[in-house]
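Let's take a friendly walk through this two-part report, with the structure open beside the text.

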Amino acid sequence: MSESAELRKTPLNAVHRAAGAKMVDFGGWEMPVQYSGILDEHHAVRTTVGLFDVSHMGEIEIRGPEALTLVQRVTTNNAAALQRGQVQYSGLLYEHGGFVDDILVHKVADDEFFLCVNASNQDKDFEHIRAQNRWNCSVENAGPRYAQLAIQGPRALETLQQLTRTDLSSIPYYWFIDAEVSSQPARIARTGYTGEDGFEIYIAPELAVTRWGEILEAGREFSIKPAGLGARNTLRLEAKMVLYGHEIDASITPLEAGLAWIVKFDKGEFTGRAALEKQQSEGVKRKLTGFEMRGRGIARDGYQVYVDESPAGWVSSGGPAPALNKNIGLCYLPADRARAGVAIEILIRHQLVEAVTVPTPFYKRAR
Amino acid sequence: MNYPENYRYTKEHEWVCVAGDEGTVGITFHAQSELGDIVYVDMPVAGTAVKAGETLGSVESVKAVSDIYSPVSGEVVEVNETLKDAPEKLNEDPHGAAWLVKIRLANPPEIERLMGAAEYLSYVGS
């Protein structure tokens with residue numbers, strides 16, 4: 001692996017290296033893929049608490065009297081339903097209905113929205129939104145002003161609570177609060193990408209190294225582990241959370257990806273709406289479906305899926321499910337086969353291996 | 001980590017330990033460390049003919065699949081079946097109990113092309 005000068009780094013880069021993390025190129029960012037090991041980190045998040053540096057994620061801030069109008073225009077979900085302090089999962093679509101990105105919309109104020117977007121899409125998202133800004137809103141590509149840390153797992157609340165006077169238990173799932181961590185400003189959101197309870201905090205980049213150390217110290221009694229992108233991926237797959245570039249991209253619509261619930265046709269006009277209405281009236285032809293391996297082998301992203309001995313789809317994400325002790329995956333199948341209990345085969349390195357479609361999510365935490 | 005002096009090493013991070021006309025083959029400590037948690041091992045059945053430098057099988061970590069190349073030519077005479085249910089042994093004892101296959105050598109002198117322990121260590125830069 002050659003050291004590339006162009007890779008972008010988070011403020012915690014040196015901290016990760018000092019901790020012995022394995023660093024990889026992730027969408028142009030040099031990020032930790034693992035520290036102690038993906039399985040170990042995965043189990044830490046499922047059973048106690050893990051800490052992720054997700055500062056590569058992008059932030060876009062939309063401000064102005066017509067901020068809601070612009071957000072409504074570019075996203076699929078109904079941002080008008082948000083209260084101040086609430087978070088909403090949503091889609092940014094092209095006119096043809098395919099994904100520009102999947103995002104989190106935070107309503108900061110009536111005239112201010114804070115979007116958390118995927119790292120490798122942030123510049124594209126920014127241009128996409130700016131090009132549709134006919135309402136004189138301020139649209140800022142604010143990624144460089146934020147570091148983001150994710151504290152995830154059943155002990156996440158107890159860990160972070162030691163560093164803030166804000167009663168974290170008062171923040172409902174998918175809400176946030178602008179408060180303080182260690183007496184310094186932090187946007188604290190009860191969100192995550194692991195299928196566990198937890199928080200994502202947005203802070204100034206210069207605070208990241210100190211906060212990282214403090215959170216690890218606070219979580220020591222719970223055996224907190226720093227966790228990398230490897231565990232983040234196995235965790236999100238078990239929870240059936242989609243990943244841009246895998247389940248969704250410019251060629252996939254929300255209706256195909258099982259994300260009809262983030263499309264609100266009755267909210268008014270939005271980019272991609274006409275294409276989705278057409279697709280819905282004509283019938284969605286392929287749908288995202290979960291499966292687990294029956295035969296020996298691990299399905300990987302891009303492998304072909306066979307139904308009745310013919311190629312019928314592809315694996316969008318696949319791998320081991322460490323909390324379930326199974327090999328699982330998500331795949332696209334013809335709509336008439338996209339239900340649980342269908343026998344399929346995965347072409348694994350020139351051999352067809354048996355699998356079966358199953359209900360999702362694969363993993364759901366006990367509440 | 002100890003890289004046994006009597007093993008020979010490939011650039012693709014396999015090792016072979018020759019005794020008589022048989023070579024025991026595995027992956028190096030460096031290889032398992034780069035792969036991370038190993039969760040699946042796919043090896044050919046006994047009786048399969050293999051060629052030096054060609055694909056022997058594969059090892060999968062949580063993240064990815066890696067081809068394993070045979071360091072030597074010959075016939076697979078034994079497969080380490082314990083790895084089927086306990087692939088994590090490849091992370092724990094890659095130079096010992098977690099050997100992959102034993103191969104009856106068709107061309108013993110070809111191991112001379114492989115690296116010794118010191119050369120391999122400098123190759124992986126540790």
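How many Å separate the centres of domain 1 of chain A and domain 3 of chain A, taken over C-alpha atoms? The separation is 31 Å.

A word on conventions: this is a predicted model, in which local features need pLDDT of at least 70 and side-chain atom pairs count only at pLDDT 80 or more, while totals for chains, interfaces and linings use all residues. Residues are numbered from 1 along each chain as its sequence is written, and chains are lettered from A and ligands numbered from 1 in the order in which they are written.

**Domains of chain A**

The bounds below come from an automatic or database domain assignment.

| Domain of chain A | Residues |
|---|---|
| domain 1 | 8–55 + 146–238 |
| domain 2 | 58–141 |
| domain 3 | 285–358 |

Helices (H or I, at least four residues) and strands (E, at least two) are DSSP runs, numbered from the N terminus.

**The barrel in chain A**

Six antiparallel strands of chain A close into a barrel, in the order β15-β18-β17-β16-β19-β20; strands pair if DSSP finds at least two bridges between them. From one strand to the next the twist averages 45° (axes are lines fitted to C-alpha atoms, for helices over the stretch in contact, and angles run from 0 to 180 degrees between N-to-C directions). Seven bridges link β15 (286–293) with β18 (326–334) of chain A, and Glu292(A) has Ile328(A) in β18(A) as its bridge partner. α7(A) packs on the sheet, touching β17 and β18 of chain A, with its direction at about 120° to that of β17(A).

**Chain B and its contact with chain A**

The contact takes 11 residues from chain A and nine residues from chain B. On the chain A side, α2 (38–47), α7 (229–238) and β17 (310–321) each give two or more residues.

In chain B, an open antiparallel sheet has the order β4-β6-β7. β4 (38–42) and β7 (65–69) of chain B each have a single partner strand, so one side of each is left without a neighbour in the sheet. Four bridges join β4(B) to β6(B), where Tyr40(B) stands opposite Glu60(B).

Methods: Two residues are in contact if their C-beta atoms, placed from the backbone, lie within 7 Å.
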